Amino acid sequence: MSMIAAFYGGKSILITGATGFLGKVLMEKLFRTSPDLKVIYILVRPKAGQTLQQRVFQILNSKLFEKVKEVCPNVHEKIRAIYADLNQSDFAISKEDMQELLSCTNIIFHCAATVRFDDSLRHAVQLNVTATQQLLLMASQMPKLEAFIHISTAFSNCNLKHIDEVIYPCPVEPKKIIDSLEWLDDSIIDEITPKLIGDRPNTYTYTKALGEMVVQQESGNLNIAIIRPSIVGATWQEPFPGWVDNLNGPSGLIIAAGKGFLRSIKATPMAVADLIPVDTVVNLTLAVGWYTAVHRPKSTLIYHCTSGNLNPCNWGKMGFTILASFEKIPYERAFRRPNADFTSNKFMIQYWNAVSHHAPAIIYDFYLRLTGRKPRMTKLMNRLLRTVSMLEYFVNRSWEWSTDNTEMLMSELSPEDQRVFNFDVRQLNWLEYIENYVLGVKKYLLKEDMAGIPEARQHLKRLRNIHYLFNTALFLIVWRLLIARSQMARNVWFFIVSFCYKFLSYFRASSTLKA
Ligand SMILES: CCCCCCCCCCCCCCCCCCCCCCCCCCCCCC(=O)SCCNC(=O)CCNC(=O)[C@H](O)C(C)(C)COP(=O)(O)OP(=O)(O)OC[C@H]1O[C@@H](n2cnc3c(N)ncnc32)[C@H](O)[C@@H]1OP(=O)(O)O
Ligand SMILES: NC(=O)C1=CN([C@@H]2O[C@H](COP(=O)(O)OP(=O)(O)OC[C@H]3O[C@@H](n4cnc5c(N)ncnc54)[C@H](OP(=O)(O)O)[C@@H]3O)[C@@H](O)[C@H]2O)C=CC1
């Protein structure tokens, strides 16, 4: 019997960010392994014209929750969606709901965050810092609370090369930032943002670091732990391999590469690609929840959920494997054949951007115009390149994260728990994982039918022929122009032609002699 699964039995669990990528997988695993849990409270806001109930209904009826329904048929009754907006004071939770949360909650998993790299400092602080502060205040009023698990990111200290499982202070106190954002004008905030974030690449990593400081400062008597995952990717094993439902991290770039839009990227092939499957993060999170509540460590423990030091894979290998997977699992209606270059040279990247991205987009838009349609490729390409430029920071550096606490926790688990809540990334086979990832992107993100694979392959063959034809035509045109204008080009051309002629004559003569 799994001790961790038994621990969550009968518990009332509060999850923020349950509608997000990580939150959904966390809920799924909780219901599947501890179907006798009492209730999961989720803080949800209406979104995209959907009510809370519609959002929950959609999640529970998705492919991800198919197995849950078998082991926990009354899952609908065990999930309690509470209207909440983490940007509002008291999260805009009604008095009755707040009362219920305060009196019943046993465990909190705080996953909600803005993960956008381009968010304004004001919004990122509001969600990643102030909301965390408010949630801690709520937690301090919960008499039955056993553990508060805060999800941060391994990149909260990406300004350092070696990162230990400790909280590093930021130069400006989070409270001072929160206070000053209240009265500062947006334009002034935009001006001071680069100075505040310093050598971090974006407001996301900076505000996640501030969030950790807030957790440390406001922990009081609470039992708290912080989990720092690196780049969270599709599921490795559970509930099935390759599940992914958003474009964050590599997923969007895998689509862009598979559809032939993205053909070069400024990346360092030898830099470590610290990807971590989402189910691994969830398993560690649940194990940490159990350990923090049962063993009550004296201080706030931080757990790095990374792959680099135990089972490293670099961007070169990852890119190469992704590319090889497209041979087996082609995506439908590709713009060009997937093929790409990793380069760390800034002149080469400019060249490849011009040749592989801008030129085909301009040519395609010209074709759309000619055929009376609205040009759109240049705009799309510019947006893609903007996205790529924001991710470049992370594919051109390597970090070392120590994982002592994570390894300590692994050794504390029973063999059964090590199996059911496996977070040992040493067992991960990258080739298999990446292939499943590429397949998962096709099935769950692009929602493409596997029956369309032969047609997708045919389409890629046609694109290859067009590519050869285009290149040959281009070569002949350039060469013709050169011959017309340059004596040297003409000389070279006559030399090549006479060489070929002699070569052929020699072979014809020798084969006649043999006969
Ligand atoms: C030895 C040598 C061997 C060489 C071998 C050569 C072979 C080479 C083969 C190469 C193949 C190429 C494979 C490519 C893949 C491999 C490389 C992968 C690199 C992955 C890098 C990931 C790094 C992530 C680092 C994360 C670190 C921190 C982790 C965290 O803690 S948080 C989670 C991460 N957060 C995010 O990822 C959020 C990022 N997104 C944003 O901030 C925003 O979305 C935005 C990018 C700023 C865009 O904002 P917009 O306002 O423009 O609008 P919107 O958000 O609505 O999106 C606009 C359109 O862009 C699409 N889109 C969104 N995100 C992505 C994405 N990640 N990738 C691609 N596209 C994305 C979105 O769908 C919109 O599209 P539209 O609707 O059509 O306009
Ligand atoms: N994805 C990754 O690569 C990594 C993620 N992390 C961390 O993991 C955690 C989860 O990330 P992930 O699941 O990927 O992110 P998602 O963007 O998928 O999910 C974010 C969640 O936060 C919720 N949320 C955002 N704003 C509000 C708001 N104002 N009120 C209520 N809820 C809100 C979202 O709700 P809604 O659906 O309504 O928008 C959603 O449920 C975050 O803390 C992130 O920093 C750490 C490392 C890597």
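These legends describe close-up views of a predicted model.

**View 1. The annotated domain at residues 15-284.** UniProt, in an unreviewed entry, places the feature "domain: Thioester reductase (TE)" at residues 15-284. In the predicted model, 42% of this span is helix and 14% is strand.

**View 2. Ligand 1 and the residues around it.** The shell around ligand 1 holds 31 residues. Arg 116, Phe 117, Tyr 204, Leu 247 and Gly 249 come nearest. Three helices each supply at least two residues of this shell: H11 (250-258), H13 (315-328) and H15 (377-391). Helix H13 gives the most, with 6 residues.

View 3. For Arg 386, a polar side-chain atom is 3.1 Å from an oxygen atom of ligand 1. Taken alone, ligand 1 exposes 1,600 Å², and the protein buries 78% of that.

**View 4. Ligand 2 and the residues around it.** Ligand 2 is surrounded by 26 residues. The closest are Thr 19, Arg 45, Lys 47, Arg 55 and Tyr 204. Tyr 204 is also listed among the residues nearest to ligand 1.

**View 5. Polar atoms facing ligand 2.** Asp 85 brings a polar side-chain atom to 2.9 Å from a nitrogen atom of ligand 2. Gly 17 has a polar backbone atom 3.4 Å from an oxygen atom of the ligand. Ile 151 likewise has a polar backbone atom 3.4 Å from an oxygen atom of ligand 2. On its own, ligand 2 has 880 Å² of accessible area, and the protein covers 90% of it. The elements that give two or more residues to this shell are helix H2 (21-33) and helix H10 (203-217).

View 6. Ser 402 sits in the loop between strand S13 (400-401) and helix H16 (404-412). Its relative accessibility is 11%, so Ser 402 counts as buried, the cut-off being under 20%. The side chain of Ser 402 makes a polar contact with the side chain of Asp 164, at 3.1 Å.

**View 7. The two annotated transmembrane spans.** The unreviewed UniProt entry carries the annotation "transmembrane region" for residues 466-483 and 492-509. Residues 466-483 are 100% helix and 0% strand in the model. The end C-alpha atoms of that span lie 25 Å apart. Residues 492-509 are also 100% helix, with 0% strand. Here the end C-alpha atoms are 26 Å apart.

**View 8. A nonpolar surface patch that includes Phe 495.** The patch is formed by Met 488, Val 492, Trp 493, Phe 494, Phe 495, Ile 496, Val 497, Phe 499, Phe 503, Tyr 506 and Phe 507. Together these residues have about 1,200 Å² of accessible area. Phe 495, one of the patch residues, belongs to helix H20 (residues 487-514). Is Phe 495 buried or exposed? Its relative accessibility is 58%, so Phe 495 counts as exposed, the cut-off being over 50%.

How values were computed: Residues numbered from 1 in each chain as written. Chains lettered and ligands numbered in written order. Predicted model: local features only at pLDDT ≥ 70, side-chain atom pairs only at ≥ 80, totals over all residues. Heavy atoms only, no water. UniProt positions renumbered as here; feature names shortened; annotations may be inferred. Helix = DSSP H or I, 4+ residues; strand = E, 2+ residues; numbered from the N terminus. Patch = residues over 30% accessible without salt bridge, like charges linked within 9 Å, V, L, I, M, F, W, Y side chains within 5 Å. Areas by Shrake-Rupley, 256 points an atom, 1.4 Å probe, with all protein chains shown as cover. Salt bridge = Lys/Arg side-chain N within 4 Å of Asp/Glu carboxyl O. Buried < 20%, exposed > 50% of the residue type's maximum accessible area, 1.4 Å probe, protein only. Near = heavy atom within 4 Å. Polar contact = N/O pair within 3.5 Å; in protein donor to acceptor, adjacent residues only side chain to side chain.
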